[in-house]
Amino acid sequence: VTKEIMKKISKEGYTVVVGGSKGVEELALRTQLTNNGNAVLFVADHMFDKIRLYSKYIKQNKLVIMTANDPYALFDVTHALDKNLYICGMVFAQIVTGTHIGSGPVWFTSIQNIHSHWTRQLVYETLDYSGNIRLIEMGEAHFTDEDLKSEVTLAEILDAGGIYRFHLQSFCYLRVIDQMTIFEFIEDKHE
């Protein structure tokens with residue numbers, strides 16, 4: 001899915017802002033750069049290692065690497081979470097390809113983003129991730145595999161709220177998952 005999203009992003013001319021973590025973010029960055037797109041890599045640690053790794057793209061003016069920390073900093077969970085907040089503040093939309101409820105930085109950042117309104121979110125519609133299902137139930141815009149193959153732009157999907165082909169009923173049987181509401185997450189007693 002990540003490669004398909006990146007193809008669409010590149011085709012639409014967006015600059016990608018990623019944190020560079022191994023996995024989806026690293027794949028997104030490499031795909032964007034391979035597709036001759038522009039990217040910003042906002043790192044929480046090991047900045048100079050990333051500069052050496054991606055020097056070719058920096059010299060081609062395809063990549064900017066930034067940090068809010070000491071460029072020699074080692075990994076720190078707080079810096080990693082803060083990095084995600086900075087990224088949300090810089091982007092047109094946060095794209096969520098996969099997250100589970102209560103599990104890790106993508107879920108945590110997505111919920112904070114909803115609460116703080118940093119940027120809009122575009123969530124991949126899949127039954128494979130409980131967090132994706134919950135974010136869509138909470139009203140976040142979403143996209144499908146069909147959207148990625150269509151001429152519909154990401155901006156159009158966001159503006160429409162992701163209502164092109166979504167049917168909430170298809171997710172109803174998964175509601176037995178132990179889920180928290182946004183109010184429980186932020187410890188607000190007023191639902």
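Phe 42 is buried, its relative accessible area being 6%, where buried means under 20% relative accessible area, exposed over 50% and partly exposed in between, for a 1.4 Å probe and protein chains only. The structure is a predicted model, in which local features need pLDDT of at least 70 and side-chain atom pairs count only at pLDDT 80 or more, whereas totals for chains, interfaces and linings use all residues. Residues are numbered from 1 along each chain as its sequence is written, and side-chain values use heavy atoms, with hydrogens and water left out.

Aromatic rings come next. Rings of Phe, Tyr and Trp (for Trp, the six-membered ring) pair if their centres lie within 6.5 Å, and planes under 30 degrees apart count as stacked, over 60 as edge-to-face and the rest as tilted. By this rule there are four aromatic pairs. One of them is stacked, because the rings of Tyr 14 and Phe 92 have centres 5.7 Å apart and planes at 15°. Tyr 14 lies in the loop between α1 and β1 and Phe 92 in the loop between α5 and β4, so this pair ties together parts that are 78 residues apart in sequence; the helices (H or I, at least four residues) and strands (E, at least two) are DSSP runs, numbered from the N terminus. Tyr 14 is partly exposed at a relative accessible area of 27%, and Phe 92 is partly exposed at 40%. Phe 42 and Tyr 86 form a tilted aromatic pair, with 5.5 Å centre to centre and 35° between the planes. That pair links distant parts of the chain, since Phe 42 is in strand β2 (residues 39–43) and Tyr 86 in helix α5, 44 residues apart. Tyr 86 counts as partly exposed, at 43% relative accessibility.

The strands can be followed through β5. Two strands pair if DSSP finds at least two bridges between them, and β4 and β5 pair in the parallel sense over four bridges. The chain crosses from β4 through α6 to β5 in a right-handed β-α-β crossover, right-handed meaning that, with the strands pointing away from the viewer, the path from the first strand over the helix to the second runs clockwise. Val 96 has Val 123 in β5 as its bridge partner, and Ile 95 stands opposite Leu 122 in β5. Three bridges join β5 to the parallel strand β6 (residues 141–143), where Phe 143 stands opposite Tyr 124. Four of the five residues of β5 are buried, so β5 is largely enclosed by the rest of the structure.

What lines the largest pocket? Its lining has 46 residues, of which Val 17, Val 18, Gly 19, Glu 25 and Ile 95 lie nearest its centre. A pocket, on a 1 Å grid over the protein atoms alone, is an open set of points where a 1.4 Å probe fits, with protein on both sides within 12 Å along at least five of seven lines, and lining residues have an atom within 4 Å of a point. The largest share of this lining, seven residues, comes from α5.
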